[in-house]
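Please read the points beside the model.

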Amino acid sequence: MEIKTIGVVGAGTMGNGIAQVAAEAGFNVIMRDLEERFVQRGLDTIKKNLGRAVEKGKKSQAETDAVLSRIRGTVELSDLKEADVVIEAIVENMPLKKELYAQLDSVCKSEAVLASNTSGLSITEMASVTKRPEKVVGMHFFNPVPVMKLVEVIKGTATDSQTFELAMELARKLGKEPISVNEAPLFVVNRILVPMINEAAFVLMEGIASAEDIDRGMMLGANHPIGPLALADLVGLDVLLAVMDTLYHETQDSKYRSCPLIRKLVRAGHLGRKSGRGFYNYQ
Ligand code: 3HC
């Protein structure tokens, strides 16, 4: 199947990043979110990112205009009927994802592939509510999407090899490097990365070191580009908590318990950069 149009569901941090790289790679993009203001915020973020590339002389204004002209924002799910592949990047909540996959299954053309950007939920479970479980696959991007090179391509129980290969090839066309993953809670990178961030929060909570020193420690002592607590703020503490809780619930292993400090910050609405405050203050 030749892919011309990519649908993206969710215009948040991940969704707008995926829409941007897809349009930059020459695909037509339909980006859908529930409300006009969410769609607009996603489009504004893409414009801002592309504007920065023009300022730095990495792209011409004409190129940027062409990229933007390939992205259409919408609140109508039925607009995704034109899409050859739909990449879902909504909130990490299985009941909501299943509701969406059932709807996508009815509006999308029968040959369309449905790919989830989930951070670690079961592709098999999402696929189970569709009549095309063999055409459901995981395509897990990393934040910030325009910068990070990796896409984990995840094979659910029913995913067929044609769909899997199409997702691997699509990741390459988007300028990314895919790795092949068999479905398991949190896949590969988050299974390793998220408990590390969780442990950093425990180190802070136990008063062992300040946030700044924990981050400096991991940057200078392990060569990480940013420290784990700054990374938590970048990813979003609500996302991290949901991801860590998934690992705990799926494995029933107490070593994966979420740090209470992260839960407390989330309850206070301190979600990281996107809310202006997390482990650090951005206001
Ligand atoms: N969108 C687009 N581009 C961005 C960006 C964003 N949000 N943030 C930074 N950039 C670009 C900058 O424009 C700059 O581009 P240039 O090299 O062309 O000038 C480049 O990235 C470097 O940015 P900065 O110089 O401002 O800052 P840093 O050197 O600190 O880099 C970073 C920023 C790339 C975010 C770097 O800190 C980093 O690599 N951090 C680790 C990110 C990471 O681990 N992500 C994975 C998170 S886990 C995840 O996403 C999985 C999920 O399921 C939980």
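1. A polar contact here is a pair of N or O atoms within 3.5 Å. By that criterion, Asn-190 qualifies: a polar atom of its side chain lies 3.0 Å from an oxygen atom of the ligand. The model is a predicted one, and the distances should be read accordingly.

2. The side chain of His-140 places an N or O atom 2.7 Å from a ligand oxygen.

3. How much of the ligand's exposed area does the protein bury? The ligand taken alone exposes 1000 Å², and 64% of that is buried by the protein.

4. The shell comprises 18 residues, of which Lys-56, Lys-58, Ser-119, His-140 and Asn-143 are the closest. Its composition is ten nonpolar, five polar and three charged residues.

5. Helix H9 (residues 228–235) also packs against helix H8 (residues 211–222): their axes come within 7 Å and cross at roughly 100°. Angles of 65 to 115 degrees count as roughly perpendicular, so H8 is roughly perpendicular to H9.

6. On the H8 side, the contact is made by Ala-211, Ile-214, Asp-215 and Met-218, and on the H9 side by Pro-228, Leu-229 and Ala-230. These residues divide into six nonpolar, no polar and one charged.

Notes: Residues numbered from 1 in each chain as written. Predicted model: local features only at pLDDT ≥ 70, side-chain atom pairs only at ≥ 80, totals over all residues. Heavy atoms only, no water. Axes fitted to C-alpha atoms, helices over the stretch in contact; angles between N-to-C directions. Helix = DSSP H or I, 4+ residues; strand = E, 2+ residues; numbered from the N terminus. Parallel < 35°, antiparallel > 145°, perpendicular 65-115°, else oblique. Contact = heavy atoms within 4.5 Å. Nonpolar A, V, L, I, M, F, W, Y, C, P; charged D, E, K, R; others polar. Near = heavy atom within 4 Å. Polar contact = N/O pair within 3.5 Å; in protein donor to acceptor, adjacent residues only side chain to side chain. Areas by Shrake-Rupley, 256 points an atom, 1.4 Å probe, with all protein chains shown as cover.
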